[in-house]
Amino acid sequence: MLFRATNLNTYYGLIHALQKISLNVDQGEIVCLLGRNGMGKSTTLKSVMGLVPPQSGAIEFQGRSIFRALPHKVARAGVGLVPQERRIFPTLTVEENLLMGVKAGCQPPKDLEPWTLKRVYKHFNSLERRSRNKGSQLSGGEQQMLCMGRALMGNPLLLLVDEPSEGLAPLLVKEVRDVLLQINQAGVSILLVEHNLKVAMSLAHRCYLLGKGFVAFEGTMAELQARPDVMAKYLEVS
Amino acid sequence: MSPETQMYLAQGIHGLAYGMLLFLVASGLTLIFGMMGILNIAHGAFFMLSAYLCVTVLGATGSYWLSLLIAPLGVALLGILVERFMLRRAQASGMGHIAELLLTLGVSLVLAEAVKLTWGTEGLQVNVPSALAGLVNIAGLEYPIYRLFIIVLSLVVLALLSLVLFKTRLGTIVRAAVSDPGMVSALGVNTQIVFMLVFGLGSWMAGVAGVAAAPILTVFPGLGDQIGMDAFVVVVVGGFGSLFGALLAALFLGELNAFGIQFIPKLSPVLMFSFMALVLAFKPTGLFGERE
Amino acid sequence: MRVLQRTIWWGVAATVLLGVTLGTGPAQAAGAARGFNASAVADMTGFDPAKFENPSGDVVKIGVLAPFSGDAASVGQIYWATGTWVASDINRRGGITVDGKKKKIALIKGDTMGKPANTKQAVEKLCLQDKVDVLWGTAGSHLTAIIQAEADKYKKLHLNSGSLSDTLMEGKAFTPYTFQHIWTTHSVGATLAKFFATRQERKFYILNQDYVFGHELAESFKAGLKKYVPDAQIVGEDFHPLFNKDFAPYLTKVKASGAEMIFTGDWIPDSSNLLKQSRQMGINLPVAGIFLDDINGLIAVGPEGSKGLVFASELLINFQDGIQHKWHEAWKTWAAPYNTPLYEWLGSTTGAYAESLYWLLDAMERAGSADAEKVIKVWEGDEWTGLIGQKLTMRACDHRVVRDTYVTEFVSPNKWYKDCAFMDKITTIPAEFVTLPQPKDSSRCK
C-alpha cells in the first residue's frame, strides 16, 4: 500500500474536525474524497500534509510513518499538494513558481520519468507563453495549471489535489480532468477532493464519502452509484 | 549655484541620507513581518545594540571598518539565537502572534537593561572615521563626506540584498515565503531554517544601520526608540512585506522630514504620521502591500 | 563694573576660606555667614554610588524622584550619584543633629520613568510606605508639578533641583512645602542676554526641544534680548522633537539664515548631537546654552569644534580658587563606571544638585528637626553661602533662590581638559539683573 491513514483525529481549537478518519491509496490509484461543504475533505488533505497536524492516529507513506511530520518532511517523502486556493506566489514569475516546486537534494523516484520545466510546459501549453509573467497576472485556469505544474516539479508519488475544477469554465474543467488523467497514467497516484460528481466519476477508481468529519461510505465508483440513498444523504443534490 | 539652490540641494541630500538609513532598518522589519507575520518590536533595540558593539570594537581595535564588519554580525547572531530558541517556541505555543509580539517586546526591554548594565547609562561618542571626515564640494555646496558614505553604504547593502533576493534560489524562497510561508513548506522547503536566516539577515541590516548612525549620534540606551518608530511607519506606508514599498516610503519620508523642517517646521514632527494616516485611509494595505 | 562684581565674589569666597581656617562649621556659627564648607567634606576615598548602603536605625530619609529607567536614565544616574555622594559625606561625618541626636542620611529611589503616572505612584510609595522626610527631584516641569501637589497633600518637604519652569511657584501652584533651588528659565534668558549685551553677536537662531521647557526658554531668551540687547535679531526659531536623530535639515536652515550664534536649551543627548552634527557639516557657529558642559560631547568635537561655545549656569567652579579646586579633586574620586567625564565634572547639574542637598540638610540641622514645618521656618529667607562661595538667598515668599549667575566662553587651551575647549574666564551676572520678580498674584509677596 502506497499510503494509509488510520483513525485520524484533527481539531480546530475545540472543533473536532476529523473523527477517526481512515483511508488508503494504492499505487497508481485515483481515490476521490466526496462530501458536502465543511465535512472535512480539505482538512483531511491538510492533515496528511502536516499543515494542520492531526491530534492522534497514524499515517504511513511507503511503509514509513509521516504522522505529525512537518510539511516539508511530508513533501520530501514524495507527497505533492495542489491546494484549493491554488496559493500561487503572486510576486514570483511563472517560471520561478515552477522552480519553487523543485525539492533540492531529493532524488526523483527511479521508475518514473522526472519532471522538468520542459515537460511541464509540454503538458501545460499556456504556461510557457506566460513564463515571465508574475503569478498574480494569471487567469484562474492558468493558476490551476501552474499550481499542478509546481507540484509535479517535485516528482511526487502521491498528489493531493483539492477541488481542481472549482470556479473554472466547463472547457477548462475538461482540460484539468485530462491533465489529471495523464499525470495518473504517468505513474502518479492521486488523492482527489472533487465537488463535481461528474468529474469525480470519470476519474476516480475508488471513493470515500465524508459525513461530518467521519467516513460514511467507502467503495468503488460503481458501488457508490448503486447506493442512491447514500448519495442523497451525503452529497448535494444537483 | 545660488545660496538658496544650495540650501534646497542640501535638504535633498539630507533627506536621501536619512531615508536610506531608515530603509536599512525598515527592510529587515518588513522582511521579517512578511515572512513570519511577526512585528519585531526588538528591531530598534538591535539597531541600538549594534551601535554599542561598535563602541566596544572601536575601543578594542581602533578600527571603524572592523566595527562595521563585526558589530552587525554580532547582532545577526543574536537575532538568529532569538529566533531559534525563543520565537520558534512562542510560535509553537499556539497562542498566535500575541505571544511573539510580547516576546519581542520582552527582548527589547531586556536588551535596554543589559546595555545599561554593560555600558552604563551615559551617552557614548563614536568619531567619524578619519578617511570619511571632512567635506566635499558638490557644485559649490560643501557637504559632509560621511553622510554621503551612509547613502553609498545603504546602496551597497540594497544591491547585495537585491542580488540575493532576485538571483539566488534562497532569494526566490524568501520572496515566496513572504507571501505564503505555509505553501513554501508544503513544497519541501524547511521554512524554519529560512525564517532563522531571514531573522538573522534583518537583524544584520538593523546592525549595519546602527554602526552607520553611531558617528552622527550619541550612543545611549534610547537610541533605537525613534528610529524603530520611524521604520514602523515606513513599513506601514510601504506595505507590510514589500521591500520595494519600504524603499520608496523610506526615501519619501526622509525627504518629507527634510523639506518639512525647511518649510513647515511647526508641523514637521507630525507630517510622517499624518501621511501614514492618509495612506491607511485610502489603502489599508499600504502602498505596495497585499496584507492588512 | 565686572571688576567690582568679581571683587565682591572673591570677598565672599574669602569669607568662607576664613571661616574654614578658624574651624567654625556652619552649624556652630548661627547668625554668621552660613554655607557650604569644602574643608569639612569627609575623606571620600573608596566612594562608589553603586555600593551605597543605607544606614540602619534612626535616619533622615530622602526620597530620590528621578528617571531610573527609560530614555533619560542617565539623568537618574546623576541624581543617584550626586545624592549618594552628599549622603556618604554627611554619614562619614557622623550625620546631622536632629531631635537632639546624630542621624545619618538614607536615600530611597522613586523611579518616575519620565512619566506622570509613574511619578505619582512613586511619590505615593515614598510618602506612604517608605515614610520619607523629604522628596527630592526632578527633571521635567510637568512631573515636578505632580510631585509638588502630592508633597502638599502629604505635607512633605519637596526640594526641586531639576525643573526650571518660571510658573511652578506662582499663583495657585505655590505650596509652602516646595523649595525651588534650581534657577528658572527667566534667569537663563536674562543671564545670556545680559552677557551678549557686552558682545558683538546680534543675529541669533533659537533651536530648542519641542516641549514646554524648550518653548518657555525661547520666550525667556527673547524677553531678555528685548530688555538688554534691543538691537538683537532673531533670524530663525525652530523646535525639534526630543531625542532628535537628524539635525542636518535644521542646521542647513541655520546656515542659510546668517545667524551669528545658535541659542539652545537642549540637554543630552540632543545638545551633543546638535553640536556634533553641525561641526561635521562644517558649520562652526558658536552655540550658547545651559547644558553644554557634557564633556563627552565636547571631546567628540575636539578643541576646534568646542571653542567659542557660550555656557551659562547658576554655578560654575573656578579653577583658580584653592578650596573649589580641592572640592573638585575630591569630587573626581568616582569608582567605575562613574569615573567618566560626565560625573567627574562638577558641572552645573551635579554641582547644583549637591548644593541643594547640602543646603537642605544644613537648614534641617539648624531647625533641629526633620519636621517639615520647622524646616520651612528656618529655610524661608535663609541666606547661605553656596558651593562656590556665592551668596544664595531663599526668598521667603515664593521659595525661589536669589543669586548671581555665571557665563563663560569655552577656550582652548584651558586648565581643565586638553581634548576640548572649556571654561577660562567667568563672567558674573549680578542677581539684580537675572532674578525673577516676585509673583504679583501672591498674597505672601508684598
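Between chain B and chain C of this predicted model, 15 residue pairs are in polar contact, both residues at pLDDT 80 or more. A polar contact is a pair of N or O atoms within 3.5 Å; within protein, one must be able to donate a hydrogen and the other to accept it, and residues adjacent in sequence count only if both atoms are side-chain atoms. The interface also holds 1 salt bridge, a side-chain nitrogen of Lys or Arg within 4 Å of a carboxyl oxygen of Asp or Glu. B:R147 and C:D246 form this bridge, with their closest N and O atoms 2.9 Å apart.

The contact (heavy atoms within 4.5 Å) takes 34 residues from chain B and 35 residues from chain C. The two chains bury about 2,900 Å², 54% of it on carbon and sulfur atoms. Buried area is the accessible area (1.4 Å probe) that two parts lose on being put together, summed over both. B:T121, B:E122 and B:I261 supply 20% of the area that chain B buries against chain C, more than any other three residues.

Chain C itself has two parts: its domain assignment, automatic or from a database, gives domain 1 (2-183 + 319-403) and domain 2 (186-313 + 406-434). Their centres, taken over C-alpha atoms, are 27 Å apart. Domain 1 and domain 2 of chain C bury about 2,600 Å² between them, 63% of it on carbon and sulfur atoms. Between these domains there are 0 salt bridges.

Residues are numbered from 1 along each chain as its sequence is written, and chains are lettered from A in the order in which they are written. Side-chain values use heavy atoms, leaving out hydrogens and water, and local features need pLDDT of at least 70.
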